[in-house]
Structures are given as C-alpha cells and as structure tokens.
Amino acid sequence: MISNTSDVPTLAGGFITLDMVKRSTDEQARRTKIICTLGPACWDVEQLETMLEVGMNVARFNFSHGDHEGHGACLERLRTAAKNKNKNCGVLLDTKGPEIRSGFFAEGKKIELKKGETIILTTDYSFKGNAQKLACSYPELPKSVTPGQQILCADGSLVLTVLSCDVAAGECSCRIENNASIGERKNMNLPGVVVDLPTFTEKDVNDIVQFGIKHNVDFIAASFVRKGSDVLNLRKLLAENGGQHIKIICKIENLEGLQNYGEILEATDSVMVARGDLGMEIPSSKVFLAQKMMIREANIMGKPVITATQMLESMIENPRPTRAECSDVANAVYDGTDCVMLSGETANGPYFEQAIRVMARTCAEAESSQNFNSLFQSVSNSVKRRFNFSAGESLASSAVKTAIDLDAAFVLVLSESGASARNVAKFRPGRHVICLTPNASVARQTSGLLKGVHSYCVESLEDTNGLVAMVGKYAIEAGIAKEGDKMVVVCGQTFGTGANNQVKVETVTATDGAATDSGAPTGFLQRGLSFFSS
C-alpha cells in the first residue's frame, strides 16, 4: 500500500516497529472522538458516568426509536452524569428521516419467503400482508422502479428483483432471490433510484423544534440528506426557532447524496459516512472507496467527519471484537476521520464499556503510528491546490507548523465561537489542542467532534496572560507537559471581536499567573478536559 500522506511514493507503515506492538497503549493521547448511541443497555446515571470516564465524547439520541418523554428523561440523566464527572459531553439528535418500510401482516409477526417465488408489493399501506403480497409505504414505487431493478429489504437480508410494474393498480411483481424470514415494518432500499420523498418529515421537524431546540442539543444529524438545499432548509428551520447555534451533521446514506456530496459539504457543518444504508445503495465492495473519498474531501474543507455503522458490531453480543473490526476502526483513523461511532454496541449490548475501551485503544494505537509532520504537510498542500487560505486558516497553519517545529507540548486556543479551534484541528498538529471558551455550547461542540481538541468553559477570555499561565499550571499537574515545555497560543489582541489574529509561543510554568491585562479577571476553568482536574 502506498502512503496517502505524502507526494513521495513511499510504503505506508514506516513508523510502525515491534516496540510499538509490544508497548502499552497510551489512551490519554487519543485524539479521535467517540460518539456513543444511548439506549436501554446504558442509560442509567452510573452507566453514563462510566461511559464518560472511558471515552464517550458525544451522546447520540436515535429518534428512529422512542418518544420525547423517554429521550428527555435520558438526557436529564446524561447531564447529571456529566455534571457529576465534570465532563463536557455533546448531545446529538439523530433524525429518523424519510424511509420506505414494508407493512403489517394479516397473521403472526413473521412471514417465510422462498427463493424463486413471486411476491406482489402494493402501495396500499393498509393492506395486511402475507407471503404472496406485501404492503410498501412508498406511494410512488411502481413509477420509480423498472423491471430488472433490485429492491433490498431488512438491511439487505431479503433481495427482490422487479418483474413488472402496474402503475394504475399501485403494484409491482417481484421475484424472491433468497430464502428469508422477515418481520413487520422492515426497511426497504431502492438502489440507484431517486426517491420522491421529503428530506425532513413532519416527525423530523417536530423532533428538531420541540425536542432538539427546546432541550438545547448541540448537533442535529440529518438522515438521508440528498442535496445542498436540504442543508439550507434545515439551517433556516433552526434559525427561525432559536436554534441557530446547533451544528448540522449531514448523513450521506444514498447515491444521490454521494453524487451531490460537494454542495452538501460546502453547506454543512460536518458529515457522517453512514455506511449501513449507503451499503444498500452502492455495492458493498465500493463502500470503502466512498468512505475514503468523503473523508478526504471533508479534511480539505476542514469539516469534521464521522465514520459510522457496524464498527464493532460483534460486541453487541461478545466482550471482544473481531480482528477485522479493529482493523476497520484503525483504517478509518488512517483515512482521516475525526470521529468514530458506536450504535447497537452501546445502546443494546451488555458490553458497552468494553466497546468504548476497545474503540479508544484502537484509535490511540492508530494515531501513534502516524507521522504528523507529513500529515500536516499533506493537508496544507492539498488545501493550497484547491483554495487560497482564509485568514483563519493561515493563522492556524502557522500555529500548527510552529508547534511541530518546536515540539510544543500542546496548542492553546482562546475562542468565542470555536472557529479557531476547528481551523487548528484541520491541520492535524499531532498534539492536544486546548480550547478555552466562555460559551458552554461551543465547549461541548468543539470537544465533541474536533479531532484532538479538549475544551474548557471559562468566565472570560479578557486576561490572555492569566489564562495562559493557569493552563500551564494545570497541564503540569495533569502530566501532559513539564516545566519549561513550549506551548503555542492562538488568541486575539482585542477581546470580543470574534476573530483571532495572533500566534505566540509561551513557556509552560508551574506558577499561577496573576491578571496582567489591565487587571481583567482571569476566570476559572469550569468544565472540560478529561485529563485535567478542576
């Protein structure tokens, strides 16, 4: 395999040695973030505290299941756990989105389908089905598919081939391609078909406005985003209802979304490579290509990217993962993902703690074998080939280059909006990025998704020198720096302007600094870094 972190054709893995294989894992050094789906297996306060301790950065609430009352109670427990452990934890609302499902049955909860037999799909969703005829929730099915096309049901466990379509009757005749036992209301995919469904259903809008905005969530993960206008419509919905601070994550789950990825990426705050449904839309053998392409483009744009679905799937039932699953996680890190996600592994499995620990260790090990100097050069060169640096990117690039050249212990970013932290994370400094912000939502968002960024809330950013000295003292106490180490600081000369314009190098000392900027208050570190005590 040729290295994808350099223009020079060298084999990958040149930094991996036998000593690296034998040494213990430094989980504290992990930069890739972990999103955990909450569910019945892990939603008690004590369990949530454990998840926060072992590596959860963002809690995902899956609105394909449950109701507002249940999710609200779980969110309250999560925030209690975060407060108890003095941790930042982002909150992600994952919308159900538009979907096509099979219908209900006349008798029983399952039907047995035999390979080679014919089944009729009807758009009359009130029809109670059987092994000969089954309802489908998509009214335009006979108009959307043609003979020879395939329909995948129940995550692809049932494959149907369309034989004929009767638009007037609202029916399609299909051949069953494999023996299958399916239950009611199973998901259905139409590979390669542009479906005529709204991106945001009435339920999605209600969930976003009446739960997401009302409960001040940090992220909305929009399912089945297909074009850039979908993102603009969601941003408008958020702004009109007081949720303009919420970050948008676009889930790329079908071919149309993949084809319009460029315009979606430009409009969104971040993206999710949702490999489950995507693997129904394109051949499974090509999903890894789509993953690499999407991650690379997001890295160039500086938009956080999440890799999701079946990463440690076997751990829903087993305390140990397969070797292939760990390789999948590591390869996503090598591809450049900012976050990895656990779904059923935490929501439904008894081994949720073990799954998070395995994920954290695997990410840390993959990162430890990367050449961050080459990675910085690769990101910088790739961006320059396509765009001119913005002022913020130029500042961040200089800060990261300085940190690498000086072997600085960490980069400290003082940021009101989180934009400077995002720019620094984009250039992959290979060391922790500490972000101080007076905004609690920004703290959760930056520490939740941005690779290598750990955030604190402070009362004020006015006293730069006092904050620098205080962070240096905490860093020494936490063991991430020692007396005399260098830190690179990204800050602004004028508080409240909303833009940083200064990079400077400071020496880490163990002495608390008194307020030095016109006697301004330093503030105190309220919540954030998992490896600092406060």
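Here is a chat about the fold and the salt bridges of a predicted model.

Me: Hi! How many helices and strands does the chain have?
Reply: Hello! In this predicted model, the secondary structure comes to 18 helices and 21 strands.

Me: And what is the radius of gyration of the chain?
Reply: The chain has 25 Å. A compact globule with 534 residues would have a radius of gyration near 24 Å, so the value agrees with that picture.

Me: What does the C-alpha trace span along its principal axes?
Reply: The trace spans about 80 × 50 × 45 Å.

Me: What share of the residues is buried?
Reply: Buried residues make up 54% of the 534 residues.

Me: Switching to contacts: what share links residues 24 or more positions apart?
Reply: Among contacts with a separation of 6 or more, 71% are between residues 24 or more positions apart.

Me: OK, charges now. How many positive and negative ones are there?
Reply: The chain has 55 positive and 61 negative charges, and their mean positions are 3 Å apart. In general, side chains of opposite charge can pair when their charged atoms come close.

Me: How many salt bridges does a search of the whole structure find?
Reply: The search finds 27. One of them joins aspartate 94 and lysine 251, with the closest N and O atoms 2.9 Å apart. That pair links distant parts of the chain, since aspartate 94 sits in strand S3 and lysine 251 in strand S13, 157 residues apart.

Me: Is aspartate 94 buried or exposed?
Reply: Aspartate 94 is buried, because its relative accessible area is 0%.

Me: What about lysine 227, which residue does its side chain meet in a salt bridge?
Reply: Lysine 227 meets aspartate 230, at 3.7 Å from N to O. Lysine 227 is partly exposed, with a relative accessible area of 31%, whereas aspartate 230 is buried at 5%.

Me: And which residue pairs with aspartate 338?
Reply: Arginine 428 does, with the closest N and O atoms 3.1 Å apart. Aspartate 338 lies in the loop between helix H11 and strand S16, and arginine 428 in the loop between helix H16 and strand S18, so the pair ties together parts 90 residues apart in sequence. Aspartate 338 is buried at 4% relative accessible area, and arginine 428 is buried at 8%.

Me: Last one: which residues do salt bridges with shared partners join into one network?
Reply: That network consists of Arg60, Asp94 and Lys251.

Key. Residues are numbered from 1 along each chain as its sequence is written. This is a predicted model: local features need pLDDT of at least 70, side-chain atom pairs count only at pLDDT 80 or more; totals for chains, interfaces and linings use all residues. Side-chain values use heavy atoms; hydrogens and water are left out. Helices (H or I, at least four residues) and strands (E, at least two) are DSSP runs, numbered from the N terminus. The radius of gyration is taken over C-alpha atoms; the globule rule is 2.2 Å times the number of residues to the power 0.38. Buried means under 20% relative accessible area, exposed over 50%, partly exposed in between (1.4 Å probe, protein chains only). Contact means heavy atoms within 4.5 Å. Lys and Arg count as positive and Asp and Glu as negative; His and the chain ends are not counted. The place of a charge is taken as NZ of Lys, CZ of Arg, CG of Asp or CD of Glu. A salt bridge is a side-chain nitrogen of Lys or Arg within 4 Å of a carboxyl oxygen of Asp or Glu.
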